[in-house]
Amino acid sequence: MRRTQIELLIGFLALTLTSTLSAAQLIDCTMSGSPDEYKIYVDDVRLPASNVPPRLRNRAQYLRTALFNELSNSWQDHASVKRCDRRFPNDAAEFDDTQVGSLNNLRVVLEVWTAIDDVAAADGEFGFVLVPARSMIPPAVFVVKDKSQGDVNLILKRNKELQAFAPIVLGTRLYQNHSYIDALQFLCQGHTQLQSTVLRQASGANSQLLRREKDLLVTLDAVIDDSYKQAKASGGPQFAAITPDPNGQYTCPK
Amino acid sequence: MYIYLNTRRISLVVSFGLLCSLRAFGVAAHIPCSSPFVFSDAAVNVVVLPYDDTAVSDATSHNSGTQLALLVQMDALSHILGYGNVGAVQMEASPGASRECSATIVAGKILGKNYGAQAQIKPEHGLVLVWGLMYEEDDDLYVQTYMRFVRRDITEELVFSAGDYKFTAKPTSQVITFAPRHLSKKDLDNIAADYIRSNIVHSVPDDASPGEELHGVAKCGACSGDSRAIGFLVMGQNGDWIRILRELPGGETQEGWIHAKSSPDVSFAVEQRLPELSLIEGAVGYLRSRFDAENRQQPSEQVGHLAAQQFTHFIELSDRENETEAVAIAKQLSGIVRVLSSKSYLEGLTEAQDSFEQARQLVPYSPDAIALSIGAELNRAALVAATTNEAVAIDQPRLLAQRLAQASALAPASKEALGNLSNYYKVALHAQQRGTPANHLEKPEIEQQIQKLDPRVMMLEPGQAGREPGPANPSTAPAINKRLDIQELKMKNGTAIRNTANDH
């Protein structure tokens, strides 16, 4: 009995410790920023606990830096891109309502991470949390699985979602704030870029991701249509010339 | 004519009345990022920062980031000579201080937003800033280049005219992220060796005469400062030969000649691998043209042709799927240079409008792309009308109204976008409308729109910065809100305003 109790206690402590460690990886971002600005979090690279070859580690770091640079160069006038060292999710499911609500309160619009999952197979992933889109397309967490082998530039080129997600979240956030007119430029850019990414994806590749991205496009269509309608309702004369397509829906310029 | 000799500690200005070359050209290498330097009097400076290779552990790093930056500068050097009055600077990080080489920090210093530069870009002078990311693995180099082009304290907007009505437009963006590239370390070493061979300083303009290496790239990427030249200045030109004054450590100077045309095989090799070099060089030509135009001089046709060639070269070799916006901007800059430099205003506008329309199709969400395309088209139509003494003809007027309305919707705080829409209706009111009847605008509709738009245009402040989200970046707002009116420039310079189709 005594031995069983000890084993149970050890098991409980181990479970608690593991849970604590897992939850603790979503620590506060090391670069907090000011409360007013919109933020994009670029998390640290998640690696298996041990025996990660330096080459794989370096590749992952390069990919993280490339993501950071791309976001920073393109969006620094609209959102502050933060490098969040030692922060990463152990699992995409960690971005539950509480976690995403907390990000929303901090005015984080997008969180991205890179990870190596299996050293032997060089399996990796890119993860994206589209914070303001959670209420529209829950859970609004996209995980792109990819191999970390071969030409590292091809990995970047295969995962162009990032280009589209940043304007999408900025536009969505503004839409939710009822800033319909301000939202349009971001929504239209994001929609155009995501559509281009979806069209370029080979059929069969990441089919679940492809389906979810198509669902996101459908949601965006509705948001964009509503934004134009709201903008026209505001009475601005510039909107008078914008007319719906033959299906009665307002769309972005082509 | 002033020629500048620059040391790290002392700037010495020497007046050289006899050397009346208008093609003064400065080059500096190995400048520390912590105290950046530019040739202040140059119309345009290209500044190349070391490519960031910090993702690689120190044990495997071979200073390829610095080596590549030097090669980029050398390639730029060989291709921007034709523009004249330009400078090319390569910077390096001091040991343990790579953060100083951040593009934001260096730009802040040389554009006068922060202290710390040895010399700054002068107001209205141009800067092409190049930086990048690099990852080295065995013999493989993975490179991603970024570029920013800017003129200090002045907007890149320009103005098209349709009669008395003006249309304001500018390129879609001034920051470009290029697609990632792959080259081998062996490629890089071979290119570097070829550049060294082709960049020899001779005592006389003769390839057979004795000479020594100009840069020593392969040897001196990481060597001490003792052996490297700090910089050199072009004193004059004799055909393909350039006379330079080279500054050595210790304050010594040395005159010599370099053969300007690098081996075509070398250029081909590096530009095949890094096509962005052509856009970088074309951007120098664009800024050079804008500089001349701002000073009320028509940029020369040679400048226009050279820049157009460089943009075309980039577009042909680009990875269109992965750098769509870069391709669009290349087309826009090419169009702007064409219209500014062309001796025939109408011909230049026609060619430019074609480029602008192609760019618009690549980035349809860009209000600037829409404005450039339609502004140029209306200007062209108005010129034709002026020469034929007919009303301005507009094809598919309702579609153009929609597009300009979209541009205003996508740039809600922009007085210029709203003004473009309002002025469009004023042009359309008296225009000859072409296309299907469904695509025509009714007169009452046009008048109603003008009545509603004009008060709104008056309410907005000119050049208003973007609103939410996030704070607008104050450092990007130009201090001088002076726009280049193309028609005024052409009329001042007596450029032909004629329909060349009528020329015999």
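Visitor: Which is Cys252(A), buried or exposed?

Guide: Buried means under 20% relative accessible area, exposed over 50%, partly exposed in between (1.4 Å probe, protein chains only). Cys252(A) has 11% relative accessibility, so it counts as buried. This is a predicted model: local features need pLDDT of at least 70, side-chain atom pairs count only at pLDDT 80 or more, and totals for chains, interfaces and linings use all residues. Residues are numbered from 1 along each chain as its sequence is written, chains are lettered from A and ligands numbered from 1 in the order in which they are written, and side-chain values use heavy atoms, with hydrogens and water left out.

Visitor: How many disulfides are there over all chains?

Guide: A disulfide is a covalent bond between the sulfur atoms of two cysteines. The criterion here is a pair of cysteine sulfur atoms within 2.5 Å. The count over all chains is 3.

Visitor: What does Cys252(A) pair with?

Guide: Cys188(A), with the sulfur atoms 2.1 Å apart. The S-S torsion is about -85 degrees, so this disulfide is left-handed. Cys188(A) sits in helix α6 (residues 180-200) of chain A and Cys252(A) in the segment after α7 (207-233), 64 residues apart. Helices (H or I, at least four residues) and strands (E, at least two) are DSSP runs, numbered from the N terminus.

Visitor: Which handedness does the link of Cys33(B) and Cys101(B) have?

Guide: Right-handed, with 95 degrees about the S-S bond. Cys33(B) lies in the β3 (25-32) to β4 (44-48) loop of chain B and Cys101(B) in the loop between β5 (86-92) and α2 (103-110), so the pair ties together parts 68 residues apart in sequence.
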